[in-house]
Amino acid sequence: MKKILLGITGGIAAYKSAELLRCLQRSGAEVRVVMSEAAARFVTPLTFQALSGYPVCTDLFTADSAAGMDHIELSRWADIVLIAPATADFMAKLATGQANDVVTTVCLARSVPLFIAPAMNQWMWSNIATQDNCTVLRQRGVTILDPTEGVQACGDVGFGRMLEPQDIMQRLVENDSMRHALAGVRTLVTAGPTREPIDPVRYISNRSSGKMGYELAAALHDYGAEVVLVSGPVALETPLGVSRIQVETAQDMHQAVQQNLKECDIFIAAAAVSDYRPRDIASNKIKKSKKERIIPLVLNPDVLAEGVRTASSIFSVGFAAETEHMAKYARLKLEKKQLDMIAANDVSIEGQGFDSNQNALTVIWQGGEKTFPLMAKRDLAKQLVALIIEKYNEKSRSKNS
Ligand code: PMT
C-alpha cells in the first residue's frame, strides 16, 4: 500500500484515527491528513501533524494552498482516500456532491478509490436517510466499511461504532489484493429482463430488476476486471467503471453479446431472457374486440448457449431460475449449455430471486457444488465472483500445463 489520504470528520471516534494513522504507517503507507473543523474540536491537528510528519489541512483557504499542496493536489497525490470516522453529516454531503470543506472537497476532486468508515449513534446509522445515502454512495463505487455493534459514547448499545483501526487496516489490505485479482481480465455480464413487443404499447417480459447482474458487474470491477454489461430495461444506475450496452429484446441482447464476447475471458449470464417472442408485432395498438385472443410465440435465440458456442474457450457462468427440482434442472442446464458453472436460485421463495435485494444460490460445476445462504445481493455477488476467480484460475492453469 502506498499513499493514503486520511480524512477525519467530527465525531468522538476521531481519537481512534491517531492509532489508525499509526497502523497505516506500520503497513508501509505514507499518510497525509485532512480534517474538518468539527474534527479539530475533538482532536487537535497538531497530533496528526506530529504523527504523520506533514502539515494537516483543515481549511480550504490556508497558506499551504500557495505552497502547492492544496486540497486538489492532495487528492491527486493519494492512491486511496480513507475517511475515518465518517459522520452522518459528512455522508449526506458526499451523497449530494457538496464540497464546502476540505474533506468533502478532496473526496469530490479525487479519481482514486474512496473508503469511508462511518461512526455515529445507532439511531442515526439506521435512519432511512443515512441508509439511503449509503446506497447512493455504494452505487457510485464508494466502499463503506460498515460499523460494528457495541456500547456507544452516548451510552446506547447498537450498530454505529467505527471499526477498530486494525480491522480497517485489514479491510484495506484485502481490498488492495482484491483489486488486482482480475487485472487484465475482460468480462461480459448480461442482466435484467428482455421485452418482447406485441404491438407498439405492449410487451411480454418478466419481474427481473437487474439487481443480481448489476451487483455482479460491480463486484467484477472491484476485483479489477474490465466489465461490459449488456442490460435489458431496468431502473438502475450503471456501476462505476462498467461499460453498459442497453438492449430491449432477446434478439438485441443476442446481437450485443455476439459482438462483444470474442474479446472476453469470462461470461456471466444473469439476465432473465424471454424464451419466446410474439411471432408477429402489430404495427398499431391491438383493439379490444374478441373475447379470446391467441398470440403465437416463436423461440428466441439462447443468448448464453450460443455465446458459449461462439467463444468456446471462455469461462462461462449461467444462472438457473427454478421453481421446482432446482439442483436437478440446474445440472441439466449446465450440461446442455456446456457451461463451466451454474448458479441456481429458487425463485418460488418470497424475498429472494426476482426483484428482491436478497438472494440465495446453489452453485454447481463439474465435480463440485457450493451453497450460499440468503444474503444481500451485493455480498452474494462478491462471494460468487470470488468462487468464479478460483475456478477460472484452475481452468487457466490446467489449460497451460
Ligand atoms: O434481476 P433480479 O431481479 O436481481 O433477479 C435475479 C434473477 C432471478 C433474474 C437471476 O438470479 C437469475 O436467475 N437469472 C437467470 C434467469 C433465467 O432466465 O433463468 P433460466 O433458467 O430461464 O435460464 C438459464 C440461463 O440461460 C440463464 O443464465 C439465462 O440468462 C440464459 N438464457 C435463457 C434463455 C435465453 N433465451 N437466453 C439465455 O441466455
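Before we turn to that part, what percentage of the contacts in the protein chain with a separation of 6 or more comes from residues 24 or more positions apart?

Guide: In this predicted model, residues 24 or more positions apart account for 66% of the contacts in the protein chain that have a separation of 6 or more. The chain has 401 residues, of which 48% count as buried, and its secondary structure comes to 15 helices and 19 strands. Along the principal axes, the C-alpha trace spans about 80 × 60 × 45 Å.

Now to the part you asked about. The largest pocket has a volume of about 1500 Å³, and of the 45 residues that line it, Arg138, Glu215, Asp222, Arg378 and Lys382 are the closest to its centre. Several elements each supply at least two residues of this lining, namely the strands β4 (114–118) and β5 together with the helices α9 (128–139), α10 (165–178), α11 (211–222) and α15 (377–400). The largest share, 7 residues, comes from α11.

One of these elements, β5, leads on to leucine 145, which is placed in the loop between β5 (143–144) and β6 (148–151). Leucine 145 counts as buried because its relative accessibility is 0%, the cut-off for that class being under 20%. Leaving aside neighbours within four places in sequence, leucine 145 is in contact with Leu82, Phe115, Ile116, Ala117, Pro118, Leu163, Ile168 and Arg171. From leucine 145 to valine 228 there are 83 residues in sequence, and the C-alpha atoms of the two are 27 Å apart in space.

Glutamine 122, in helix α8 (residues 122–126), is likewise buried, since its relative accessible area is 17%. Apart from residues up to four places away in sequence, glutamine 122 touches Gln152, Asp156, Val157, Gly158 and Phe159.

Together with Tyr276, Ile295 and Leu299, Leu297 forms a nonpolar patch on the surface, whose members have about 380 Å² of accessible area together. The protein chain as a whole exposes about 19400 Å², and carbon and sulfur atoms supply 50% of that area.

Methods:
Residues are numbered from 1 along each chain as its sequence is written. This is a predicted model: local features need pLDDT of at least 70, side-chain atom pairs count only at pLDDT 80 or more; totals for chains, interfaces and linings use all residues. Side-chain values use heavy atoms; hydrogens and water are left out. Helices (H or I, at least four residues) and strands (E, at least two) are DSSP runs, numbered from the N terminus. Buried means under 20% relative accessible area, exposed over 50%, partly exposed in between (1.4 Å probe, protein chains only). Contact means heavy atoms within 4.5 Å. Patches are made of residues with over 30% relative accessible area and no salt bridge: like charges are joined within 9 Å, nonpolar side chains (Val, Leu, Ile, Met, Phe, Trp, Tyr) within 5 Å. Accessible areas come from the Shrake-Rupley method with a 1.4 Å probe; for residues, only the protein chains shown count as cover. A salt bridge is a side-chain nitrogen of Lys or Arg within 4 Å of a carboxyl oxygen of Asp or Glu. On a 1 Å grid over the protein atoms alone, a cavity is a set of points where a 1.4 Å probe fits but cannot get out, and a pocket is an open set with protein on both sides within 12 Å along at least five of seven lines; lining residues have an atom within 4 Å of a point. Grid points are joined across faces, edges and corners, and a volume is the space filled by probe spheres set on the points.
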